[in-house]
Amino acid sequence: MIIRVSEIPDAGLQVEGVRDFPHPFEDPAWALEELSLSVLRDKDDVLVQGYLRVRVPQTCGRCLESIPVDVTAQVDSRFCPRPLVRGEELELAPDDLEVDFYADDLLDLDRLIRTEAELGLPMKPVCRSDCRGLCPVCGGNRNVTPCACVERLPDPRLATLKDFAVRLSTGVSARTSTP
Ligand SMILES: [Zn+2]
Ligand SMILES: [Zn+2]
């Protein structure tokens, strides 16, 4: 949904529901589920406030199962007209953390939805907080099939022997330790 900024009424614009956004995402598996935005002009700027919810398929970082993740974003963005001069100083108020731009009198709400959804994605998605993950020995999903594999830590004594063998083979003896 693209809004012509000059046509935003003085009282603002209320955008409710997802029907005005048939294809906000490139990936058709991403789904916009809920949206409520108010679009208000502030001189040349446009304020967009409200919330949206997007369902995004993700992969559990532990068991690699596909999981739907709900991203809920509180929107509080200010759009300024894109500066015409490159490098032009912009005065940003410190509390205006989310400042974006629009150009040619057009404000693209689909782009806002994409940005908010991507920013809201979890860094390390897990299917559930107590996901047991994959067994490092047999590779099985331990949520589904508990296996009897024993995870062996490398034996520190073996490491010492290996180190000794390397020293022998390279001709570096333990001479320094004998008087
Ligand atoms: Zn998992
Ligand atoms: Zn196993």
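Q: Which residue of strand 3 is the bridge partner of glutamine 14?
A: The partner is serine 38. A strand here is a DSSP run of E with at least two residues, and a helix is a run of H or I with at least four, both numbered from the N terminus. Please keep in mind that this is a predicted model, in which local features need pLDDT of at least 70 and side-chain atom pairs count only at pLDDT 80 or more, while totals for chains, interfaces and linings use all residues. Residues are numbered from 1 along each chain as its sequence is written, and chains are lettered from A and ligands numbered from 1 in the order in which they are written.

Q: What makes strands 2 and 3 a pair?
A: Two strands pair if DSSP finds at least two bridges between them. Strand 2 and strand 3 (residues 31-42) are joined by four bridges, so they meet that rule. They run antiparallel.

Q: Why are strand 2 and strand 6 called edge strands?
A: Strand 2 (13-16) and strand 6 (99-102) each pair on one side only. The open sheet has five strands in the order 2-3-4-5-6, with mixed pairing.

Q: Why does leucine 64 count as partly exposed?
A: A residue is buried if 20 or more other C-beta atoms, placed from the backbone, lie within 10 Å of its own, exposed if 12 or fewer, and partly exposed in between. Leucine 64 has 13 within 10 Å, so it is partly exposed.

Q: How do you know whether aspartate 105 is buried or exposed?
A: Aspartate 105 has 11 C-beta neighbours inside 10 Å, so it counts as exposed. Aspartate 105 lies in the loop between strand 6 and strand 7 (106-108), and has a positive phi of about 70°.

Q: How do you know where the buried residues of helix 1 lie around its axis?
A: The buried residues of helix 1 (residues 109-119) are Leu109, Leu112, Ile113, Glu116 and Ala117. Seen down the helix axis, they fall within an arc of 130°, so they line one face of helix 1. That arc is taken from the directions from the axis to the C-beta atoms.
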